[in-house]
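Here's a quick briefing on the charged residues and the overall build of this chain. Have a look at the structure first, then read on.

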Amino acid sequence: MARVVVDVMPKPEILDPQGKAVQGALPRLGFEGVSEVRQGKRFELELDGEATDDRLAQVHEMAATLLSNPVIEDYDVRVVSTDEGPSVG
């Protein structure tokens with residue numbers, strides 16, 4: 001089994017009102033020194049079997065067609081863990 005993370009973020013040129021709201025709230029809560037906040041989404045997928053190139057290509061297709069809106073969002077896919085199962089020997 002493999003765990004894959006898909007991070008989805010608004011493209012840099014797209015206004016991020018949620019990020020701006022968080023950025024505005026931070027100083028009111030006593031947190032200083034944050035010049036920009038962008039808010040996105042994180043998807044964790046557990047794949048049956050290994051994270052092969054073919055399986056990762058499928059995850060990229062999922063991200064491009066369902067998990068993100070490619071017109072206004074970018075996404076990043078990364079494998080965060082693999083479970084090879086018990087070793088034999």
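Glutamate 44 is partly exposed, with a relative accessible area of 44%; buried here means under 20%, exposed over 50%, and partly exposed anything in between (1.4 Å probe, protein chains only). Its salt-bridge partner is arginine 3, with the closest N and O atoms 2.8 Å apart. Bear in mind that this is a predicted model: local features need pLDDT of at least 70, side-chain atom pairs count only at pLDDT 80 or more, and totals for chains, interfaces and linings use all residues. Residues are numbered from 1 along each chain as its sequence is written, and side-chain values use heavy atoms, with hydrogens and water left out.

**Salt bridges**

- A salt bridge needs a side-chain nitrogen of Lys or Arg within 4 Å of a carboxyl oxygen of Asp or Glu, and by that rule the count comes to five.
- Arginine 3 sits in strand E1 (residues 2-10) and glutamate 44 in strand E2 (residues 41-47), so their pair ties together parts that are 41 residues apart in sequence.
- Arginine 3 is partly exposed too, at a relative accessible area of 29%.
- Aspartate 7 pairs with arginine 78, and here the closest N and O atoms are 2.3 Å apart.
- With aspartate 7 in strand E1 and arginine 78 in strand E3 (residues 73-82), that bridge links parts that are 71 residues apart in sequence.
- Both ends are partly exposed: aspartate 7 has a relative accessible area of 21%, and arginine 78 has 32%.
- Glutamate 73 bridges to lysine 41, the closest N and O atoms being 3.4 Å apart.
- Glutamate 73 belongs to strand E3 and lysine 41 to strand E2, so this pair joins parts that are 32 residues apart in sequence.
- Glutamate 73 is buried at 14% relative accessible area, whereas lysine 41 is partly exposed at 36%.

- Lysine 11 is found in the loop between E1 and helix H1 (17-28).
- Leaving out residues up to four places away in sequence, lysine 11 touches Arg38, Pro70, Val71, Ile72, Glu73 and Asp74, where a contact means heavy atoms within 4.5 Å.

**Fold and shape**

- The chain has two helices and three strands, running β-α-β-α-β from the N terminus on.
- Those elements are DSSP runs numbered from the N terminus: helices are H or I with at least four residues, strands are E with at least two.
- The radius of gyration of the chain is 17 Å, while a compact globule of 89 residues would be near 12 Å; the value is taken over C-alpha atoms, and the globule rule is 2.2 Å times the number of residues to the power 0.38.
- Along the principal axes, the C-alpha atoms fill a box of roughly 60 × 30 × 15 Å.
- Of the contacts with a separation of 6 or more, 74% come from residues 24 or more positions apart.

**Surface and charge**

- Of the 89 residues, 24% count as buried.
- The chain exposes about 6400 Å², with carbon and sulfur atoms supplying 54% of it (Shrake-Rupley method, 1.4 Å probe; for residues, only the protein chains shown count as cover).
- The 9 positive and 17 negative charges have mean positions 9 Å apart. Lys and Arg count as positive and Asp and Glu as negative, while His and the chain ends are not counted; each charge is placed at NZ of Lys, CZ of Arg, CG of Asp or CD of Glu.
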